[in-house]
Amino acid sequence: MKKVSKPEMIREKLACSALERAKLALMNPELIRKKVEERTIDELAKPLIAASLRDGVETVWDRYEQQQPECKYCAAGTSCARCAMGPCRIISGTRARGVCGADADLVVSRNLLDTIATGAAAHSDHGRDIVETLYMTGTGEAEGYTVTDEEKLKRIAAEYGIATEGREIRDIARELGRALLEEFGTLKNFLQFSMRAPASTRAIWEEMGIMPRSVDREIVESMHMVQMGVGSDYVNILLQGMRTALSDGWGGSMMATEISDILFGTPKVNESRVNLGVIKADHVNIALHGHNPMLSEMIVKAAREPDMLQLAGDVGAKGINLVGLCCTGNEILMRKGIPNAGNHFNQELAIQTGALEAMIVDYQCIFPSLPRTAACYHTLIVSTSSKAKMPGSLYFDFSMENALSTARAIVKMAVENFPNRLKDRVQIPGKPVRIVSGFSNETIKAALGGSFKPLVDLIAAGKIRGAAGIVGCNNPKVKHDYGHVTLAKELIKRNILCVETGCAAIACGKAGLLVPEAADLAGDGLGEVCRSLGIPPVLHMGSCVDCSRILVLLAELANTLGVSIDRLPVAGAAPEWYSQKAVSIGSYFVASGVFTVLGVMPKISGSPSVISLLTAGLNDAVGAAFAVEPDPLKAADLITEHIEEKRKALGI
Ligand code: MSK
């Protein structure tokens, strides 16, 4: 464990300049009110955004405004800076080709493949970290980790043909961990988990040449294909995008989900609280932000140790309050019921409560600006991944071998920071709301009596018209949480069950849709089903990698009905997506046969051919395509229409 900088050094380096802030501060109360209303529907975010505008503490929305107007070539996907002959912009006439000769179709498709491969790599590298932890838990080298779900370990070992009878749990963990590590570069030319998809869906992949061969191979091949001069057929490039995305959904992400369940427990229904009001004025507050549960699970352990609680008492706090953010937050909410402070656009605001002793980050979706925000408060930003070092943060070299000791050191440092809190700057904007989460497939199946057949019957009977997976992020191009919440409310009203992950789930949680009482907002059929099962009409299925749980659910439903996934009355939506990972998720949804509506236009408008392939042509290839619809009410219409068409085709 190696600390490379100290709080005092950071404060010197990033001392918040009152002068600089004064330049940014807005004094006009009417303008502040207007901006706040334009930016979010999250009631607890509003007073903090207003304060940030008054105090000149910069947020994502300010930076977005500073970036306007955006470059129209970059927005259309027609700029290319891949090689040193450029950069090029594809315009028209004599400038319709880049220096190398690439036209708009090639530049746009290559950029999109790059985006998908980046997202798939992020999910899959996260998956590999988790798998490595399982392996090292098996070898006894990982400090603090154990196998929590032994039944699931044995079930997945059986999928991999690993004997479990009469063997030590650690031996099975080691052997499964090794088999999964090999899966990233497997030579067998298919991923074991992809065998969970219906045979008819796999036949489509085989026919289209998009069956993922291994995780690493698809990502590397994609990176090869975006190199200048490696083919110029945009269709071929986009099909590789689909194959790469499938290697994420049915490979890297699915490994991340399944093995996290084995190590930390398969989620079960639990009740907790959500929004910025989970931060407590009289406690040491520690936020856990990012995506990977490896460290956060250890922080939870460390923060519950008597020594640490004693220390908190000694510094004058009533206890240690852990809160989650984004998907690390979802991981510990789903499994441990740890309260969640919010989604992507709540990360800066959580610091602005002035009551956060530390924000511990792992990787993905972490604003590089966080140390700047934290420099205006006493909050320590603690980075923990060698892949995600941040200037201005305190870096702890976290690894499996030192996991629990590192977690203890970080928690201790956070507790000791409590006396540095500037009490007159604390502003906790309100009370949290209840949230019910933990809907793993195992939990849903158990609630349905041990099989998915009752859900299929309810869909066939029309009580539930179909299901929609709403996933993804926040994006300043959409009013914070408006896309997610409006779409979910509209769909449940139309008796469409919503399953959600990531920041979409947190948005709907903050809006009160993730409690059984929200059944009253659903249509008669769905409302009745939810009341009889005691479940919300919007089910929280986990973090971004847990979109793989949605794939497994789709496979179960399709296998129960004996059809390919594209024939199901289901749809996907990403109303506020921003991330490359979300593009990979959307692509593996579509490639698996799920019509998917995006709320933000991807950077493809510069190529009518690419637009046509993605929004129509893919229907002939994989039985599903994308649509882009920024208005969530119109998106609900598209989804309803699609679901009703699929019902008709199935004769239900
Ligand atoms: S955290 S990828 S902003 S959902 Fe998974 Fe949220 Fe999107 Fe990050």
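So, which residue in β14 is the bridge partner of I470? It's A573. Before going on: this is a predicted model, with local features needing pLDDT of at least 70 and side-chain atom pairs pLDDT 80 or more, while totals for chains, interfaces and linings use all residues. Numbering starts from 1 along each chain as its sequence is written, and side-chain values use heavy atoms, with hydrogens and water left out.

Back to the strands. β11 (466–470) and β14 (570–574) run parallel, joined by 4 bridges; strands pair if DSSP finds at least two bridges between them. Strands here are DSSP E runs of at least two residues, and helices are H or I runs of at least four, numbered from the N terminus. The whole open sheet has 6 strands, ordered β13-β12-β11-β14-β15-β16, with parallel pairing. β13 (538–542) and β16 (626–628) sit at the edges with a single partner strand each, so one side of each has no neighbour in the sheet.

Now the ligand. It has 13 residues around it, the closest being H291, C365, C473, C503 and C544; "near" means a heavy atom within 4 Å. α15 (326–336) and α22 (502–510) each supply at least two of the shell residues. Domain 1 (6–65 + 272–425) and domain 3 (437–650) both contribute, so the ligand lies between them; those bounds come from an automatic or database domain assignment.
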